[in-house]
Amino acid sequence: MPTVAHVAKQVVRGLPYLKKELGRQWSLKTGTVMTTPTTYYVIFSGRCNLACTFCTIYQQVEPMLTAEAMFRIVREAKALSGSGFNISLSGGEPTIFKPLYDTLKLAQELGVNFGFTTNALALTKENVRRILSFDPFNINVSLESVDPKINESLRPAHDGTARTLRGIDHIMEEKDRVNARLSVIVKPTIMEQNYRGFPALVRHFGKHSRVQVNFQPFIGKNGDRHWPQDLNNVSAVLDELLGLQAEGYSVIGNKDSFQGFLDYFKAPPSPDNYRHLDLGGEKRNCDIGLRSMFVYPNGDVFFCEYLGKPIGNIYKQSLSDIYYGTAAGEQRSDMVYCDIDCQNTCKRPTPLWVKAKAFIKMG
C-alpha cells in the first residue's frame with residue numbers, strides 16, 4: 001500500500017498532467033486548443049520475436065522508424081509538451097529495436113518520461129539493469145495468462161510464460177535495488193481462450209502489488225475465434241476482478257469501463273466496419289485529438305487511426321506543426337461528434353479519478 005510520502009511525491013509529479021487534463025476540458029468548451037499532448041505513442045515497426053495468434057503486426061516488418069526519427073520525436077515532443085507527458089514505444093517488440101538504449105539515454109538527458117510495451121522475453125537481469133540505469137517512466141508487459149498452456153497457445157514461445165514472469169521479477173528486483181520510480185503494468189487481452197484465468201493472474205501478483213493489471217478487450221473482426229462466447233460468464237469474471245480490486249489487488253479500471261467491454265462484445269463490429277454508438281446527435285467530446293499523437297513506422301502521425309487519415313508526417317513536418325496544423329484542427333472539430341466505440345486502452349476515455357488512482361500507485 002502506498003505510503004503517505006509516496007502519495008505526496010506522486011501528487012507533485014502528477015500536477016503537470018492535471019494541468020493538461022484541465023486544459024483539455026477548457027479546450028473542448030471553447031474550441032480553442034489550450035493544451036498539448038500527454039502521450040505520444042510510437043510504433044517503430046511490426047518486427048517481433050513472437051507470432052501471437054491474435055495479432056498480425058509481426059508480419060509488417062517494413063518500414064521501420066529510423067534512429068534519427070526516433071530521436072527527433074523525443075526532442076520535438078519535449079519542445080511541444082514541456083512537462084506532464086510521456087512517450088510510449090511499442091511495435092512489434094521494442095527490445096529488438098536497436099536504438100532503444102540510445103533513445104532511453106536521450107529521454108533521460110532531456111527529462112522526458114519514456115516507457116515501452118514488451119513481452120518481456122528479453123528482460124534478462126543484465127538487460128533490465130541497463131534499461132533501469134536510464135530511469136524509464138514505465139514498462140508495460142503483455143501477458144495473457146499465468147497458465148503456460150493458455151498463455152503459450154496465444155503467445156507461442158518455448159517456456160515463454162516463465163520467461164515473462166522472470167522478466168517482471170527482474171524489473172521489480174532492480175527497481176528495489178536502485179529505488180527507481182518505474183511503474184510496471186501487465187496488460188492482458190480479454191479473449192475466449194484466457195479470460196477465465198484472469199482472477200488467478202491478478203492473485204499471482206498479490207494484494208497491494210506494485211505490479212498493476214490493466215485489461216483490454218480483443219479488437220478484431222466479428223466471428224474471430226478469439227471473441228468471448230459466453231458473455232454471462234465473462235460478466236461474472238469481470239465482477240470477480242472488481243471484487244479483487246476492492247480487496248486490495250492492483251486492478252486498473254472500474255465498473256463502467258468493464259461494462260464497456262461487455263457492451264462491445266455484445267454488439268461487435270461487422271467484418272468491415274467499426275462498431276458505432278448511438279449518440280442521438282449529441283456531442284461525445286472525444287479529446288484524443290488534444291491528448292495523444294500516434295506515430296507510425298512510415299512517419300505518418302494520427303490522432304486516431306480509426307479515422308483513416310493522418311494529420312501529418314514526421315519526415316516532412318515537426319510534431320508542433322502537425323499538432324497545430326489545419327488537418328489536425330479539422331479532425332478535432334469532427335471528433336467532438338465521433339461515435340466510434342474505441343475500446344483500446346490507449347484510445348478509450350478514462351475517468352480522471354481512475355487515472356489518478358493508477359498514477360498514485362505508480363513508482
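Colleague: Of the contacts with a separation of 6 or more, what share comes from residues 24 or more positions apart?
Modeller: Residues 24 or more positions apart account for 73% of those contacts, where contact means heavy atoms within 4.5 Å. This is a predicted model, in which local features need pLDDT of at least 70 and side-chain atom pairs count only at pLDDT 80 or more, while totals for chains, interfaces and linings use all residues. Residues are numbered from 1 along each chain as its sequence is written, and side-chain values use heavy atoms, with hydrogens and water left out.

Colleague: How many helices and strands are there, and what percentage of the residues is buried?
Modeller: The protein has 13 helices and 12 strands, taken as DSSP runs numbered from the N terminus (H or I, at least four residues, for helices; E, at least two, for strands). Of its 363 residues, 54% count as buried, that is, under 20% relative accessible area with a 1.4 Å probe and protein chains only.

Colleague: Where is Thr 38, and is Thr 38 buried or exposed?
Modeller: Thr 38 sits in the loop between α1 (4-30) and β1 (39-43), and with a relative accessible area of 11% it is buried. Its side chain makes a polar contact of 2.8 Å with that of Arg 24, a polar contact being a pair of N or O atoms within 3.5 Å, one able to donate a hydrogen and the other to accept it. Leaving aside neighbours within four places in sequence, the residues in contact with Thr 38 include Tyr 17, Phe 85 and Arg 291.

Colleague: How far apart are the C-alpha atoms of Phe 85 and Thr 38?
Modeller: They are separated by 4.2 Å, although the two residues are 47 apart along the chain. Phe 85 belongs to the loop between α2 (67-81) and β2 (86-90) and counts as buried, at 2% relative accessibility. Beyond four places in sequence, Phe 85 also touches Tyr 17, Tyr 40 and Val 112, among others.

Colleague: Switching to α4, which of its residues are buried?
Modeller: In helix α4 (residues 125-132) they are Val 128, Ile 131 and Leu 132. Seen down the helix axis, these buried residues fall within an arc of 90°, so they line one face of α4; the arc is that of the directions from the axis to the C-beta atoms. Among the elements covering them are α3 (100-110), β3 (113-118), β4 (138-141) and α6 (160-178).

Key. Buried < 20%, exposed > 50% of the residue type's maximum accessible area, 1.4 Å probe, protein only.
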